[in-house]
Amino acid sequence: MAEKLQELNVALTEFATSDLCKQSNGGLIIILAQFDADALAAAVLLRRLVSKMLEKSCVKTSVRIMYCGCIGHPQSRAALAEYDYVRTGESALEKFSGKKDDLIGSGVVLVDSSAQVDARIVPKFNLEPLIVIDHHHLTEPQSIATKFSWVDVTVGAASTLVAELALAYDSALIDQNAWTLLAAGIYIDTDRLTHATPRDITMYGKCIRGCHPEAFRKLIDQDYPTQHLHFLAKAESAKDQRRYSVVAGLDQVPDNDRDCIATVADSLVNMPGITLAVVWGVVENQVLVSIRTKGHSESIGRVTFRLFANKGGSKPCNVKDGVDKGGACLRMSEVPSSDLHQWFSKLVHGQ
Ligand SMILES: [Mn+2]
């Protein structure tokens, strides 16, 4: 592993300082398709790592971090507050406009996601990222051969990957604040370590030794979005359950509460006898779908593909046992304009 990390760091340095990146006069932009503690921790450390590589090679290129969507989950808000509180000499996070024009002239870096066409970033637009570091299964083959891509599904968090890289490069890149964010990223993304792999655990141990214990506790002590129970009640009253599968629509969901779609799906799949839960909600001009399976006859990847192939944004998550997670992001033009409840029921239940 140590050798592999060194090779990766050499490759990343070569790539970050290559002509391809230098031509991006708008600098590099790390885009977080989905803001959460793991994505934030990985992005903050990746920015430090790449900036250091650029500095050592005397290349002047800015590295910015932009996030998509809304930061609504208390856990994510706490992570952002922690980052804002401790950042010294590091620029604030920016919200991405969602317009492809704002990417022209910049080099796109994806961390904690890898889809080149991702409706959460820019719908139906080929991102052509220069650097990709992710721990999710690829949903489609990557088409650019020249980029730096490290997709490793054998870990449970992007934070683990970036921390491994940074430690192998220069351990001084990780200070107490970074350890704190990384610890929360790994803990939360692996479902309280229940889906952590040995490499996550090893890195988590280092994080815990290096972190600020009180700040860490604050970061993980925010289980559910504030409106979770409200939307769970709504799902309970509107759900359509057939045998082992359940589909529930939350109708319009404010951007701030978008995480409830995922947490309600988590709750529904844990109902006795349920092996498949599909929860959807309309957030601004998109329909967001969270899919959960538990002991289901089909893999989450197959379910996601079967239901939402070619509808964009679907991304099965790498969870080995227990609950498997997937999702989709549909444009309003891809769904009927009325009776979404019936449409989703038919899609999931086949009648
Ligand atoms: Mn992640």
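1. Leaving aside neighbours within four places in sequence, Val162 is in contact with Ala42, Leu45, Leu46, Val111 and Ile133, where contact means that two C-beta atoms, placed from the backbone, lie within 7 Å. Val162 is also, together with Ile31, Leu45 and Val111, among the residues that touch the most other members of the largest nonpolar core, which has 73 residues. Such a core is a set of buried Ala, Val, Leu, Ile, Met, Phe, Trp, Tyr and Cys residues joined through C-beta atoms within 7 Å, and a residue is called buried if 20 or more other C-beta atoms lie within 10 Å of its own, exposed if 12 or fewer, and partly exposed in between. The largest share of this core, 13 residues, comes from helix H3 (residues 37-56). A second, separate core of 35 residues includes Ala119, Phe231, Ala265 and Val303.

2. The model is predicted, and local features need pLDDT of at least 70, side-chain atom pairs count only at pLDDT 80 or more, while totals for chains, interfaces and linings use all residues. Residues are numbered from 1 along each chain as its sequence is written.

3. Helices (H or I, at least four residues) and strands (E, at least two) are DSSP runs, numbered from the N terminus. Helix H3 has 20 residues and reaches 29 Å from its first C-alpha to its last, close to the 28 Å expected at 1.5 Å a residue, the expected span being 1.5 Å times one less than the number of residues. Because 16 of its 20 residues are buried, H3 is largely enclosed by the rest of the structure. Just after H3, Cys58 takes a positive phi of about 55°.

4. In helix H7 (residues 198-210), the buried residues are Asp200, Met203, Tyr204 and Cys207. Seen down the axis of H7, these buried residues fall within an arc of 105°, so they line one face of the helix; the arc is that of the directions from the helix axis to the C-beta atoms. The face turned away from this buried side carries the exposed residues Pro198, Gly205 and Arg209, whereas the cover over the buried residues of H7 includes helix H5 (158-169) and helix H6 (176-189).

5. Strand E5 (residues 131-134) and strand E6 (residues 148-151) run parallel and are joined by four bridges, two strands being taken as paired if DSSP finds at least two bridges between them. Ser149 is the bridge partner of Val132.

6. The chain is divided into domain 1 (2-220) and domain 2 (228-349), with bounds that come from an automatic or database domain assignment. The C-alpha centres of domain 1 and domain 2 lie 27 Å apart.

7. Gln227 lies in the loop between helix H8 (213-220) and helix H9 (228-238), and counts as partly exposed because it has 19 C-beta neighbours inside 10 Å. Not counting residues up to four places away in sequence, Gln227 touches Asp257 and Cys260. Its C-alpha atom is separated by 9.6 Å from that of Arg258, 31 residues apart along the chain.

8. Ala277 lies in strand E9 (residues 276-283) and, with 29 C-beta neighbours inside 10 Å, counts as buried. Apart from neighbours within four places in sequence, Ala277 is in contact with Val246, Ala265, Leu268, Val269 and Arg292.
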